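Hello,

Here is the structure we talked about. My notes on its charged side chains follow below.

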Amino acid sequence: MPVQYSERYDYRWDDRWDDRAQNINEREARIRARIQRGVQDGRLTGREARELNRDLASIEAREHTYMVDGRLSYREDADLKRHLDRLADNLSVQLRDEERRYSCALADEALTRRNVYLMSRLRRHRAYLARRSTRRRQR
């Protein structure tokens, strides 16, 4: 029995699960959008975003240099794609590492929760010391 696919899935030979589209400018735009989303989500720190944007600008400058004659040779195209692949992989790693950028409100909330917890522990410890000292006096 042949397998029937739903018509909502339009499978094409150039569809890819990642950002490695055929057009270099599209890939640069997708990578730039992923960097911006990472900053907005807090998954990228400012330093990571600056480094990734600097790498992307370097690739764009290389593309501009290659396009001086009005076209990209096979080697130039392969070189740009290789650099974009490395940048996309580096971006994926940076998005998944545990370095986070939190807003001040989240940090303040975390500190407040920590302070409440520490204050409750301090109260319990003081109560324990008071009970212990009363037991010693009773002996």
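Arg62 counts as partly exposed, because its relative accessibility is 30%. Please keep in mind that this is a predicted model.

Arg62 forms a salt bridge with Asp79, at 3.1 Å from N to O. The pair links distant parts of the chain: Arg62 sits in helix α2 and Asp79 in helix α3, 17 residues apart. Asp79 is at 8% relative accessibility, so Asp79 counts as buried; the cut-off for buried is under 20%. Arg82 joins in too: Arg62, Asp79 and Arg82 are linked in a network of salt bridges.

The whole structure holds 7 salt bridges. One of them pairs Arg27 with Asp85, at 2.7 Å from N to O. Arg27 lies in helix α1 (residues 24-41) and Asp85 in helix α3 (residues 74-96), so this pair ties together parts that are 58 residues apart in sequence. Arg27 is buried, at 2% relative accessibility. Asp85 is partly exposed, at 24%.

Arg47 and Glu51 meet at 3.6 Å, N to O. Both lie in helix α2 (residues 46-66), 4 residues apart, or about one turn of the helix. Arg47 is partly exposed, with a relative accessible area of 48%. Glu51 is partly exposed as well, at 33%.

Last, the surface. Arg114, Arg121, Arg123 and Arg124 form a positive patch there. Of these, Arg121 is found in helix α4 (residues 104-138). Arg121 is partly exposed, at 46% relative accessibility.

Best wishes

Methods
Residues are numbered from 1 along each chain as its sequence is written. This is a predicted model: local features need pLDDT of at least 70, side-chain atom pairs count only at pLDDT 80 or more; totals for chains, interfaces and linings use all residues. Side-chain values use heavy atoms; hydrogens and water are left out. Patches are made of residues with over 30% relative accessible area and no salt bridge: like charges are joined within 9 Å, nonpolar side chains (Val, Leu, Ile, Met, Phe, Trp, Tyr) within 5 Å. Accessible areas come from the Shrake-Rupley method with a 1.4 Å probe; for residues, only the protein chains shown count as cover. A salt bridge is a side-chain nitrogen of Lys or Arg within 4 Å of a carboxyl oxygen of Asp or Glu. Lys and Arg count as positive and Asp and Glu as negative; His and the chain ends are not counted. The place of a charge is taken as NZ of Lys, CZ of Arg, CG of Asp or CD of Glu. Helices (H or I, at least four residues) and strands (E, at least two) are DSSP runs, numbered from the N terminus. Buried means under 20% relative accessible area, exposed over 50%, partly exposed in between (1.4 Å probe, protein chains only).
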